[in-house]
Amino acid sequence: MAVCVAVIAKENYPLYIRSVPTESELKFHYMVHTSLDVVDEKISAMGKALVDQRELYLGLLYPTEDYKVYGYVTNSKVKFVMVVDSSNTALRDNEIRSMFRKLHNSYTDVMCNPFYNPGDRIQSRAFDSMVTTMMIQVC
Amino acid sequence: MSRSAPRRTENHKINKDLFVLTYGALVAQLCKDYEKDEDVNKYLDKMGYGIGTRLIEDFLARSCVRRCHSYSEITDIIAQVAFKMYLGITPSVACRNSSRNEFSLILDKNPLVEFVEELPAGRSSLCYCNLLCGIIRGALEMVHLTADVTFLQDRLKGDSVTEIGITFLKKLEEKRYRRKK
């Protein structure tokens, strides 16, 4: 179950960030912000080696004692960051991958909206409801 | 040349997403160019009119429909043959009044609005698919029938279905026929 989902633009500002309502939402925002460095590191490390085979899913970015942060980057350098609860050990890599794939598909649908300008904050109802299902249950 | 010969030997297909995105870009650009919704609707209708006057020839050549004897037959042909041929959907037809000259086409699925969730703020009276109204109006005019075609209900505005209303007006006399610009 994800506790925080963020979509970061190419220029590293958030297009969409939503977390489970708790007292310390700012903590999640800070975690997402610090994870961007790790994302950039992974992209540049992989980039030199095999540009063709660079995978979109980046895997576990860094673990803390309570949470784990996963990352995913698209070919247009839009990053998806997901923070999940560490206590939820049943969450496997495959499930995280499928959650990112769903995020990517919803993001593509948002981009196809002719009234959405790339670079704006994402305010789509369909995207919101998809993120809500990810936060309530594991997909 | 026999009337039933196919007009083109190969069927060129394009990707539906490309078409839907192109239409969306057209509407978005019109929205940027004109502030008022009525202006955008008017220009979409005008563009559709231009398309309809040309499309009718292609439709008649490809579909070989018989001569129609009533307005309800015409509306059935529009719904079952024309919409199917060009958009791949078949709206249902309903007659709206007893004198049989007002009909509506009810579309439960509209491929043009696939990626649009809702109208942007400040554009609540925009008829997103007004091009379709213009196309129907232009096509009917080229077969000497005047009609008033508008959107009665629109899913994008919150209604449950999308409904296009066609009201057939007096038949145009051939002598006095003038092409509207």
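Glu95(A) is buried, with a relative accessible area of 18%. The cut-off for buried is under 20%. This residue forms a salt bridge with Arg92(A), the closest N and O atoms being 3.8 Å apart. Arg92(A), at 54% relative accessibility, counts as exposed. These values come from a predicted model.

**Salt bridges**

Over all chains the count comes to 10 salt bridges.

| Pair | Closest N and O atoms |
|---|---|
| Arg92(A) and Glu95(A) | 3.8 Å |
| Arg125(A) and Glu118(B) | 2.7 Å |
| Lys16(B) and Glu114(B) | 2.5 Å |

Lys16(B) lies in helix H1 (residues 16-33) of chain B, and Glu114(B) in the loop between S2 and H4 of chain B, so the pair ties together parts that are 98 residues apart in sequence. Lys16(B) is partly exposed, with a relative accessible area of 43%. Glu114(B) is partly exposed too, at 40%.

**Where chain B meets chain A**

The contact takes 14 residues from chain B and 9 residues from chain A. The area buried between the two chains is about 930 Å². Carbon and sulfur atoms give 62% of that area. On the chain B side, Phe115(B), Glu117(B) and Glu118(B) supply 55% of the area that chain B buries against chain A.

The rule finds 4 residue pairs in polar contact, both residues being at pLDDT 80 or more. It finds 1 salt bridge across the interface. Arg125(A) and Glu118(B) form a salt bridge, with their closest N and O atoms 2.7 Å apart. Glu118(B) counts as partly exposed, at 34% relative accessibility.

**Helix H3 of chain A**

Arg125(A) is also an exposed residue of H3(A). Helix H3 covers residues 125-136 and has 12 residues. From its first C-alpha to its last it reaches 16 Å, close to the 16 Å expected at 1.5 Å a residue.

Which residues of H3(A) are buried? They are Phe127(A), Met130(A), Val131(A), Met134(A) and Met135(A). Seen down the axis of H3(A), the buried residues fall within an arc of 140°, so they line one face of the helix. They pack against four elements of chain A: strand S1 (2-8), strand S2 (14-19), strand S5 (79-85) and helix H2 (93-112). The face turned away from the buried side carries the exposed residues Arg125(A) and Ile136(A).

What caps the N-terminal end of H3(A)? Ser124(A) does, with a side-chain oxygen 3.3 Å from the backbone nitrogen of Ala126(A). Ser124(A) sits in the loop between H2 and H3 of chain A. At 10% relative accessibility, this serine counts as buried. Leaving out residues up to four places away in sequence, Ser124(A) touches Val110(A) and Glu117(B).

**A buried threonine in chain B**

Thr162(B) lies in strand S4 (residues 162-171) of chain B. Is Thr162(B) buried or exposed? It is buried, with a relative accessible area of 5%. Its side chain reaches the backbone nitrogen of Arg155(B) at 3.4 Å. Not counting residues up to four places away in sequence, Thr162(B) touches Leu105(B), Ile106(B), Leu107(B), Phe151(B), Gln153(B), Asp154(B) and Arg155(B).

Terms used: Residues are numbered from 1 along each chain as its sequence is written. Chains are lettered from A and ligands numbered from 1 in the order in which they are written. This is a predicted model: local features need pLDDT of at least 70, side-chain atom pairs count only at pLDDT 80 or more; totals for chains, interfaces and linings use all residues. Side-chain values use heavy atoms; hydrogens and water are left out. Helices (H or I, at least four residues) and strands (E, at least two) are DSSP runs, numbered from the N terminus. The expected span of a helix is 1.5 Å times one less than its number of residues. Buried means under 20% relative accessible area, exposed over 50%, partly exposed in between (1.4 Å probe, protein chains only). The arc is that of the directions from the helix axis to the C-beta atoms. Contact means heavy atoms within 4.5 Å. A polar contact is a pair of N or O atoms within 3.5 Å; within protein, one must be able to donate a hydrogen and the other to accept it, and residues adjacent in sequence count only if both atoms are side-chain atoms. Buried area is the accessible area (1.4 Å probe) that two parts lose on being put together, summed over both. A salt bridge is a side-chain nitrogen of Lys or Arg within 4 Å of a carboxyl oxygen of Asp or Glu.
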